[in-house]
Amino acid sequence: MKKLLIISSLLFCQLALAEVAVIVHPSNNNQLDEATISKIFLGREKSFADGQSVVPLALADAAPASSAFNDAVLKKSSSQLKAYWSKLVFTGKGTPPKEIGSDEEMLKLVATNPSVIGYVDASKVDASVKVALKF
Amino acid sequence: MKPIILANKSFRSLGLVLVTALLPATALAEITLNGFASIRGTSVSSDGGLEPFPGFEEGELSFNPESLFALQAQADLGEGLSATVQLFGEGRSDFEVEARWAYLSYQFNDKHRLSAGRFANPIFHQSEYEKVGYAHNFSRLPKAVYIDFDFSTIEGVALDSQYNLGDYSLSTKVLFGGWSGESFSAVTNTFVDFGMDNIISANATLAGDWWQLFGGVFAAQIDGTSIDNSTVFPLAAAGISAASKTGATAGQIADFKSRIGWDNKDAFYWFSGFAIDRDNWLLDFEFVDYVVKDSTDAANQSWYLALGRRFDNVVLTVHTEDYAQSPDHDFLNGVAHPALLATGKGINNAFGQREFDGVGLSVRYDFHPSAAFKADYFSGTDTRAAVGDYKILSFGIDLVF
């Protein structure tokens with residue numbers, strides 16, 4: 001029982017401390033800071049600094065990296081984020097980032113489109129994408 | 001909120017109908033469906049026996065007045081062009097479905113979007129999403145400000161703009177349009193035909209990470225023939241009759257009627273306020289001021305102040321609100337006949353008779369990724385003797401999809 005508790009605690013800590021990597025296409029040379037990334041994912045910034053249009057993609061709610069990203073970068077819980085987007089969607093002022101089902105799919109989409117910005121669990125990052133920032 | 005891209009058979013059928021309605025037959029578009037709903041039981045009681053707001057049912061628990069359902073379809077036509085329809089039905093109208101929004105939008109660059117058609121009338125700061133319960137922490141937005149104006153939709157054109165100013169963001173909206181329908185008259189406790197022409201509206205919100213400052217104005221010309229004939233002039237009939245018997249000339253009476261009437265008069269609305277969301281403390285304030293100028297309408301100055309505290313997935317909010325009116329007899333300056341003067345003052349006072357204030361406690365519990373349970377208790381006082389002290393107790397679920 002004690003061992004189980006220790007293992008559970010370690011797993012919990014690992015999840016809680018899981019790093020999230022914000023990723024872009026390898027050809028994307030824009031400098032991205034936390035504030036800019038937040039604006040992009042909240043629909044307030046629609047282009048990268050070089051003028052290229054930006055398409056943010058989010059992981060589905062169930063992914064641990066999703067809540068970690070929302071907490072660390074957007075400073076909102078999943079419910080707060082939904083309430084935020086409700087105000088925009090139902091007044092025609094914006095649409096939330098499309099949700100992607102897995103880290104693998106996210107990596108594939110970012111690697112093949114210079115306009116896309118996304119995020120994944122940092123441990124899943126491979127050479128097909130560039131890491132803009134880690135949280 | 002997860003947009004639903006039409007994929008399964010049933011959604012595809014609905015999508016085809018919408019595409020047919022929105023687009024040329026040969027066009028192809030990605031349809032995104034979203035929606036919101038509220039299922040809420042509301043119990044209202046008042047000392048005077050009259051419900052404090054139209055649509056509520058005094059003396060009983062009812063799921064009718066505050067339950068609603070909406071389905072929104074947006075067709076993305078590419079290159080910045082989109083078409084949106086929002087179908088909306090609420091319990092108080094027997095869930096009769098209406099196209100609440102139906103508009104085309106063109107995003108012509110990162111900052112500006114032009115829309116044309118039928119869309120929300122941004123009367124006050126939260127008017128555009130007033131019906132989307134999930135978007136706020138109340139069971140209903142404070143009635144003193146959000147009193148369910150019937151002209152919540154508008155037909156016209158609007159320009160939405162978004163600017164980044166360093167760490168701050170500025171969003172603005174300007175629009176031009178009109179509205180016609182029915183409006184509630186507290187004087188007669190009935191709905192009367194009413195219209196607003198040449199509506200011009202502008203508003204702005206400046207936001208930082210944890211704060212917002214906002215304000216806006218809304219001006220329109222009243223199409224008030226019906227309210228004049230059904231409410232204003234009948235109220236004045238006895239006074240005019242008495243005046244004509246005591247020496248008032250036809251010219252004086254015509255002048256008096258043009259002063260007390262609402263038709264072709266200018267309505268002017270403005271609002272301002274702030275919102276703070278920091279360290280799980282929430283503070284909101286909004287003040288509104290509006291009147292139909294140079295008429296028997298009484299100027300309205302109302303506000304609400306709300307303090308909230310977020311505990312993980314629970315939000316507790318306490319708020320106070322005040323709906324106040326100020327009869328002003330300046331529109332009668334120059335009316336010499338005492339009977340006409342007294343009649344004009346009497347009608348102005350009648351339009352200004354209704355005031356209310358109170359305090360409310362609201363609880364929101366986000367028990368599901370797309371749904372929130374809310375319970376709400378409000379205790380208020382209405383100056384109309386038929387209402388008096390009143391209480392509203394409600395509970396229900398708001399969801400988005």
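Here is a list of stops, each with something to select.

**Stop 1: colour by confidence**

Before anything else: this is a predicted model, and it scores ipTM 0.85 and pTM 0.86. Which elements of chain B sit at the two ends of the scale? Strand β17 (residues 371–382) of chain B has the highest mean pLDDT among its elements, 98, while helix α1 (residues 9–22) of chain B has the lowest, 40. Now select residues 2–26 of chain B: the pLDDT is below 50 over that stretch, and beyond near neighbours in sequence it has 28 contacts in the model. Where pLDDT is low, the predicted coordinates should not be read in detail.

**Stop 2: the contact between the chains**

Next, show both chains and pick out where they meet. Chain A puts 22 residues into the contact and chain B puts in 28. On the side of chain A that touches chain B, select α2 (34–41) and α4 (78–89) of chain A, the elements that give two or more residues. Of these, α4(A) gives the most, with 8 residues. Colour this side of chain A by residue type and you get 6 nonpolar, 7 polar and 9 charged residues.

**Stop 3: chain A as a whole**

Of the 135 residues in chain A, 34% are buried. Among the chain A contacts with a separation of 6 or more, 64% link residues 24 or more positions apart.

**Stop 4: A:Val22**

Zoom in on strand β1 (residues 20–24) of chain A and select A:Val22, which lies in it. Buried or exposed: how does A:Val22 count? A:Val22 counts as buried because it has 25 C-beta neighbours inside 10 Å, where the cut-off is 20 or more. Leaving out residues up to four places away in sequence, A:Val22 touches A:Leu32, A:Ile37, A:Ile117, A:Tyr119, A:Ala132 and A:Leu133. If you like distance labels, draw one from A:Val22 to A:Leu57: they are 35 residues apart in sequence and 10 Å apart in space, C-alpha to C-alpha.

**Stop 5: a helix in chain B**

Bring chain B back and select helix α4 (residues 338–351) of chain B. This helix has 14 residues and reaches 20 Å from first C-alpha to last, close to the 20 Å expected at 1.5 Å a residue. Show side chains for B:Ala339, B:Leu340, B:Thr343, B:Gly344, B:Ile347, B:Asn348 and B:Phe351, which are buried. Then look down the axis of α4(B): its buried residues fall within an arc of 165 degrees, so they line one face of the helix. Among what covers them are α2 (225–245) and α3 (250–260) of chain B.

**Stop 6: the nonpolar cores**

Last stop. The largest nonpolar core has 51 residues, and B:Val145 and B:Met196 have the most contacts inside it. The element giving the most to this core is α2(B), with 5 residues. Centre on B:Met196: not counting residues up to four places away in sequence, it touches B:Phe151, B:Gly178, B:Trp179, B:Ala220, B:Ile222, B:Asp223 and B:Ala267. To finish, select A:Val20, A:Val54, A:Ala58 and A:Leu59, which are included in a second, separate core of 26 residues.

Technical notes: Residues are numbered from 1 along each chain as its sequence is written. Chains are lettered from A and ligands numbered from 1 in the order in which they are written. This is a predicted model: local features need pLDDT of at least 70, side-chain atom pairs count only at pLDDT 80 or more; totals for chains, interfaces and linings use all residues. pLDDT is the predictor's confidence in each residue, from 0 to 100. Helices (H or I, at least four residues) and strands (E, at least two) are DSSP runs, numbered from the N terminus. Two residues are in contact if their C-beta atoms, placed from the backbone, lie within 7 Å. Ala, Val, Leu, Ile, Met, Phe, Trp, Tyr, Cys and Pro count as nonpolar, Asp, Glu, Lys and Arg as charged, and the others, Gly among them, as polar. A residue is buried if 20 or more other C-beta atoms lie within 10 Å of its own, exposed if 12 or fewer, and partly exposed in between; C-beta atoms are placed from the backbone. The expected span of a helix is 1.5 Å times one less than its number of residues. The arc is that of the directions from the helix axis to the C-beta atoms. A nonpolar core is a set of buried Ala, Val, Leu, Ile, Met, Phe, Trp, Tyr and Cys residues joined through C-beta atoms within 7 Å.
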